[in-house]
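Hi,

Here is the structure I promised to pass on to you. Please open it next to this message and follow along.

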Amino acid sequence: MHTELIYEVTQVEVHIHKTNPPRLHVTAIGNASSGSQSNARLERRIYVVFPADGIQEYDFFLDVPDDPTTADMKSHTVSDTWENFPTELKSVRVYAKSGNIEEKV
């Protein structure tokens, strides 16, 4: 089994929960190219210095078996919650194999 980007991301939603401290909640929906792909997850990219453009990037990963897979597409919904996110955050970009979607905070 190996890990790769999901085939396509179809929707991204971003919400700020007004807790103390505030929490950023990111939800992404995407389609895998096979029904046997599993363990979908969002992985936040870690930066030494937060990007000047204010965009936090995520990779939408899943696990893919090494043996033959089914040909049906399967939808996956994943989320990430981030406490103490940078105040410079302007939007979130989620990557898949076929492109990306950016959503403003």
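This is a predicted model: local features need pLDDT of at least 70, side-chain atom pairs count only at pLDDT 80 or more; totals for chains, interfaces and linings use all residues.

**The core**

The largest nonpolar core has 21 residues, and the members that touch the most others are L24, A28, L42, F60 and V94. Which elements give two or more residues to this core? They are β2 (8-17), β3 (23-32), β5 (55-64), β6 (74-83) and β7 (91-96).

D63 sits in strand β5. Is D63 buried or exposed? With a relative accessibility of 13%, D63 counts as buried, because the limit for that is under 20%. The D63 side chain has a polar contact of 2.9 Å with the side chain of N39. A polar contact of 3.2 Å also connects the side chains of D63 and R41, and D63 and R41 form a salt bridge, with 3.2 Å between the closest N and O atoms. This pair links distant parts of the chain, as R41 is in strand β4 and D63 in strand β5, 22 residues apart. Once residues up to four places away in sequence are set aside, the residues that D63 touches are M1, H2, T3, Q37, S38, N39 and R41.

N39 deserves a look for its backbone too. N39 is not a glycine, yet it has a positive phi of about 55°. You will find N39 in strand β4 (residues 38-44), where it is partly exposed at 46% relative accessibility.

**Other salt bridges**

How many salt bridges does the structure hold? The count is 8. One of them joins the side chains of K97 and E4, at 2.7 Å from N to O. Here too the pair links distant parts of the chain: K97 is in the loop between β7 and β8, E4 is in strand β1 (residues 2-5), and 93 residues separate them. K97 is partly exposed, at 48% relative accessible area.

Another salt bridge forms between E57 and R45, whose closest N and O atoms are 3.2 Å apart. E57 belongs to strand β5 and R45 to the loop between β4 and β5, 12 residues apart, and this pair also links distant parts of the chain. E57 is buried, with 14% relative accessible area, whereas R45 is partly exposed at 29%. Both belong to a network of salt bridges that links R45, E57, D59, R93 and E102.

Y47 is partly exposed, with a relative accessible area of 26%.

A96 is in strand β7 and is buried, at 6% relative accessible area. Its contacts, leaving out neighbours within four places in sequence, are L5, I6, Y7, E8 and V9. A96 and P86 are 10 residues apart in sequence, and their C-alpha atoms are 24 Å apart in space.

G99 is in strand β8 (residues 99-104) and is partly exposed, at 28%. G99 and E8 are 91 residues apart along the chain, with 6.8 Å between their C-alpha atoms. With neighbours within four places in sequence left aside, G99 is in contact with V9 and V94.

The peptide bond that joins N20 and P21 is cis, with omega about 0°. P21 is in the loop between β2 and β3. N84 is not a glycine but has a positive phi of about 55°. N84 lies in the loop between β6 and β7 and is exposed, with 57% relative accessible area.

How values were computed. Residues are numbered from 1 along each chain as its sequence is written. Side-chain values use heavy atoms; hydrogens and water are left out. Buried means under 20% relative accessible area, exposed over 50%, partly exposed in between (1.4 Å probe, protein chains only). A nonpolar core is a set of buried Ala, Val, Leu, Ile, Met, Phe, Trp, Tyr and Cys residues joined through side-chain atoms within 4.5 Å. Helices (H or I, at least four residues) and strands (E, at least two) are DSSP runs, numbered from the N terminus. A polar contact is a pair of N or O atoms within 3.5 Å; within protein, one must be able to donate a hydrogen and the other to accept it, and residues adjacent in sequence count only if both atoms are side-chain atoms. Contact means heavy atoms within 4.5 Å. A salt bridge is a side-chain nitrogen of Lys or Arg within 4 Å of a carboxyl oxygen of Asp or Glu.
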